[in-house]
Every structure is written in structure tokens, then in C-alpha cells.
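Trainee: I have a model open and want to learn how to read it. Where do we begin?
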Amino acid sequence: MEINMEVRNETTIQEFILEGFPAIQYLGNIFFLMHLLAYLASITGNMVIIIITWVDHRLQTPMYILLSTFSFSECCFITTVIPKLLSIFLSGRQTISFTSCLTQAFSFLFFGSIIFFLMAVMSLDRYLAICKPLHYPAIMNLRVSFFLAFFFNALSFILITGLVLKVSQLSFCGPNVISHFFCDLGSLIHLSCSDTGSVEIYVFFLALLVILISLILTIIAYSNIVVTIVRLPSAKERQKAFSTCSSHLIVLSLMYGSCVFIYVKPKQTNRLDSNREAALVNTVVTPLLNPVIYTLRNKQVHQALRDALSRVRLQKQSFGG
């Protein structure tokens, strides 16, 4: 027994290799530039939303407080993954320690869970504003929006901490190549030489809780919104409302579709190769679209940005004078 334990300890993997995209590595410089520009555009767009929300008192409403929290979570979410992806495009495979791997996986899933919960809450906020306008001020206010943001941060922390702790107790004594561009827990579980049945069940039910419940709430909210819009007397109002809703639904479809494909499966094996492409949708495409879809097309935000730029120009003129 002592000999077996000693051999097992000696063969425990302490470092993993992120494979990235070996089939297109010869185009690494091009993809590096593309993803760097997408990353910078996403960070800039989301930071504009955060700054303008807290600077302009007209935007300090429940909807924009939730949006600024959403934007902050998006910045953190993509920052846990994209820098490592950029280094892979530049120099190929990357090594990552077991501790760093778990830290990256925790951050990715933690901020990802917050994003899903916030999307559901924002959908419900829009439902109340459009379908129950008289009751909206009594239900949604700044205190409620701050409480919801705190609650879902705490809930996500508890859920993801439990998952990462379970994965940290697994043994890794075989291959150490992760077929992904970041430390994806599904790929990591696949490499374990322990019995992973209970962990896979935990992942499955966690995905059901976070993704499907928020998806169901979002569908219910938008279904009611669509019914309300159809009943609007003015064709111009209906067209405007449908235009906004369709943009939101495109982003929601991309986000939910790719995540259901990746995570809502009882078995974590035999689906690893296609996960990399689906994960790129979540980490590159939707974070790039979200600032445009959710707020930068919004007239209130446009006006706030114009006012902020006008104040900056006036300050420059006063200093110049």
C-alpha cells in the first residue's frame, strides 16, 4: 500500500499544456491581431458603459446599474481567457500550473455565471418596464438592483467554489495536454485518472441551474414583451421595439446556444474538440457585440456621451483660454 501511494504521488501531474488551435497555428500572427483588436474593442466598449453610467446621474437607474455590473463582469470574464489565448497564437502551446489552471477555471466560470444571472435579471427588468410600467417603480429601484447584483455574485461564488474544490481533489497521473485554449474544467476532468462520475454530475446540474433556469426566465420575459409589443397601436412603435428586441435576442441566442452545447451534457467526454470553437463565441464574439447591442445603440447613452464630450471640450477651451 505504501509503495502504491508513493508511486502515485510521484506520477501526479503538477503542470498542464494548453493545446490551443494546432491546426491553424501557422496563421498565429493574423489571429493574434484579430483577437487583440476584438479584446481591446470589447474592453473599451464595456468601460465606456461603466464610466458613463456612474458619471451621468440620468443613467443611475436600475437598468443601467445592472448593465454596468454586467459590463464589469464581461471585462473580467474575457480577461481571464483572452491574454492566454493571445500568447498561444504568438508562441504555440502554453504550460500552466495546476493551481493557475484551477484559478483560471474558477474565474471563468464565476464571472460567466454572474453574466447569465444578470442577463436573466435584465430581461425581467425590461419585462417589468414594458409590460408592467405602473408597478415598475415600486418593484425595481436602486436598492433592489444593488441587492440583486450582490446576491448573484455571492451565489455564483458559492456554486463555483464548490465545483472547483471537487475538481481539486481529483488525481491526475496520465496525459497532461488540455485540448483547449484555456483551462476548461470539462477538458481537465477528462484527463483525471480518478473516478469523475460525481464531478460530472455536479457540472451537469450546475449547468442546468445557471444556464437553463436563466434561459427559461429570459424566454418567459421576452415572450411577454413580444406579446405586449404586438398589441402596440402604432406600427412605428412596434417596428422600433422589435428592432431592439431582435438585437438582444441575437446575442442571447449566441451566448445560450454555445453554452448549452458545451456544458448541458451529462458526460464530459467525446465533445472536447468542438468546444474550442463554441467557447470562442462566448469569449470573443458576444463580448464584442454586447456593448453595441445593449447600450451603445441606446439614445439615452448617446445623449450622455455627447454631453460628456461637450464638457470635455469646454474644459479644454477654458484651460486654453
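Mentor: Begin with a cut-off: a residue is buried when its relative accessible area is under 20%, and exposed when that area is over 50%. Keep in mind that this is a predicted model.

Trainee: Is serine 68 buried or exposed?

Mentor: Serine 68 has 3% relative accessibility, so serine 68 counts as buried. Serine 68 sits in helix H3, residues 62-79.

Trainee: What does serine 68 touch?

Mentor: Leave out residues up to four places away in sequence, and serine 68 touches Ile49, Ile50, Thr53 and Trp54. There is a polar neighbour too. A polar side-chain atom of serine 68 lies 2.8 Å from the backbone oxygen of isoleucine 65.

Trainee: Now the protein chain. How many helices and strands are there?

Mentor: The protein chain has twelve helices and three strands. It has 321 residues, and 47% of them count as buried. The accessible surface is about 16,200 Å², with 68% of that belonging to carbon and sulfur atoms.

Trainee: Which contacts join residues at least 24 apart?

Mentor: Take the contacts between residues at least 6 apart in sequence; 80% of these join residues at least 24 apart.

Trainee: How is a pair of aromatic rings described?

Mentor: Two values describe a pair of aromatic rings: the distance of the centres and the angle of the planes. The whole structure holds 16 aromatic pairs. Take phenylalanine 110 and phenylalanine 157. Their ring centres are 6.2 Å apart and their planes stand at 85°, so this pair is edge-to-face. The pair links distant parts of the chain, 47 residues apart: phenylalanine 110 is in helix H5 (residues 98-131) and phenylalanine 157 is in helix H7 (residues 142-168).

Trainee: What is the relative accessibility of phenylalanine 110, and of phenylalanine 157?

Mentor: Phenylalanine 110 is at 11%, so phenylalanine 110 counts as buried. Phenylalanine 157 is at 44%, so phenylalanine 157 counts as partly exposed.

Trainee: Which residues form an aromatic cluster?

Mentor: Phe77, Phe108, Phe181 and Phe182 form one aromatic cluster.

Trainee: Where does UniProt place the feature "transmembrane region"?

Mentor: Read such a record beside the model. The unreviewed UniProt entry places "transmembrane region" at residues 30-52, 64-82, 102-124, 144-165, 201-230 and 242-264. Now check two of the spans. Residues 144-165 are 100% helix and 0% strand, with end C-alpha atoms 31 Å apart. Residues 201-230 are also 100% helix and 0% strand, and there the end C-alpha atoms lie 42 Å apart.

Notes:
Residues are numbered from 1 along each chain as its sequence is written. This is a predicted model: local features need pLDDT of at least 70, side-chain atom pairs count only at pLDDT 80 or more; totals for chains, interfaces and linings use all residues. Side-chain values use heavy atoms; hydrogens and water are left out. Helices (H or I, at least four residues) and strands (E, at least two) are DSSP runs, numbered from the N terminus. Buried means under 20% relative accessible area, exposed over 50%, partly exposed in between (1.4 Å probe, protein chains only). Contact means heavy atoms within 4.5 Å. Accessible areas come from the Shrake-Rupley method with a 1.4 Å probe; for residues, only the protein chains shown count as cover. Rings of Phe, Tyr and Trp (its six-membered ring) pair if their centres lie within 6.5 Å; planes under 30 degrees apart count as stacked, over 60 as edge-to-face and the rest as tilted. A polar contact is a pair of N or O atoms within 3.5 Å; within protein, one must be able to donate a hydrogen and the other to accept it, and residues adjacent in sequence count only if both atoms are side-chain atoms. UniProt positions are given in the numbering used here, feature names are shortened, and annotations may be inferred rather than shown by experiment.
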